[in-house]
Amino acid sequence: LKSRMALNRPGLQKMIGYSTSIKKELCSTSYLTQGFYEFPRSDLGKEISNRVQSAGNFNEQELTSIAQNSLNGLNSLHQERISHGDIRPQYIGISHATNQAEILDRLADPAPLEKVQTGHIVNKKNLYMSPELYKKLQGKDKLIKYDPAKNDLYGLGLSILEAGTGHNVQDIYNANGTINQANLDKHVDVFNKKY
């Protein structure tokens, strides 16, 4: 908790405090820790959904701001040799009051990166992972190396791509553990035409 508190930097969710307590009973000891965070009113996932429903688009300045703020947050993590492990629209907080975006902590599932991403595959959740990690987790190449920081950046890129196009990007993931480059190129083409 102390090290997380030290990570209060621009582009990252702000931790405002924490508490700890120890409870001893007979031959067991329990430790209770609580973290207190500031939460934005929205996230990129909700914003994408709202814009699609209202037939609205993000403008270039909004996307640029979201990308810059998120990159600042990831840079702070990566400088400390920490990877987020699950960058997706739901983990990019949006504050309308300050027009800022921030990387949110994975409080719902703080498990290691590969376990979290494997869970997304098994539970058929939307994927925002690098081709190398996807190939490894699909069992096509168990020895493949991937860079967790680059995986974060790939997830951010897909999140921005989805926000810009207003279309789900899940069709880039083939069931055989490969990336459908043609579908990815189509999404990028749509993005480039809009912006």
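Visitor: What percentage of the 195 residues in the protein chain is buried?
Guide: The model is a predicted one. Buried here means under 20% relative accessible area. By that cut-off, the buried part of the 195 residues in the protein chain is 41%.

Visitor: How many helices and strands does the protein chain have, and in which order do the elements run?
Guide: The secondary structure amounts to 7 helices and 5 strands. Read from the N terminus, the order of the elements is α-β-β-β-α-α-β-β-α-α-α-α.

Visitor: Which strands are the edge strands of the open sheet of 3 strands?
Guide: The sheet has the order β3-β4-β5, and its pairing is antiparallel. An edge strand pairs on one side only, and this applies to β3 (42–43) and β5 (100–103). The edge strands are therefore β3 and β5.

Visitor: How are α3 and α6 oriented to each other?
Guide: Their axes come within 11 Å and cross at roughly 165 degrees. Angles over 145 degrees count as roughly antiparallel. So α3 is, relative to α6, roughly antiparallel.

Visitor: How many residues of the contact of α3 with α6 are nonpolar?
Guide: From α3 the contact includes Leu 63, Ile 66 and Leu 74, and from α6 it includes Leu 153, Leu 156 and Ile 160. Of the contact residues, 3 are polar and 1 is charged. The nonpolar ones number 10.

Visitor: Why are α6 and α7 oblique to each other?
Guide: Helix α6 (residues 148–165) and helix α7 (residues 181–194) have their axes 9 Å apart. Angles under 35 degrees count as roughly parallel, and those of 65 to 115 as roughly perpendicular. The pair is therefore oblique, as the packing angle is about 55 degrees.

Visitor: How many residues of the contact of α6 with α7 are charged?
Guide: Among the residues that meet are Tyr 154, Leu 158 and Ile 160 in α6, and Leu 184, Phe 191 and Lys 194 in α7. The contact residues include 8 nonpolar and 3 polar ones. The charged count is 1.

Definitions and conventions:
Residues are numbered from 1 along each chain as its sequence is written. This is a predicted model: local features need pLDDT of at least 70, side-chain atom pairs count only at pLDDT 80 or more; totals for chains, interfaces and linings use all residues. Side-chain values use heavy atoms; hydrogens and water are left out. Axes are lines fitted to C-alpha atoms, for helices over the stretch in contact, and angles run from 0 to 180 degrees between N-to-C directions. Helices (H or I, at least four residues) and strands (E, at least two) are DSSP runs, numbered from the N terminus. Contact means heavy atoms within 4.5 Å. Ala, Val, Leu, Ile, Met, Phe, Trp, Tyr, Cys and Pro count as nonpolar, Asp, Glu, Lys and Arg as charged, and the others, Gly among them, as polar. Two strands pair if DSSP finds at least two bridges between them. Buried means under 20% relative accessible area, exposed over 50%, partly exposed in between (1.4 Å probe, protein chains only).
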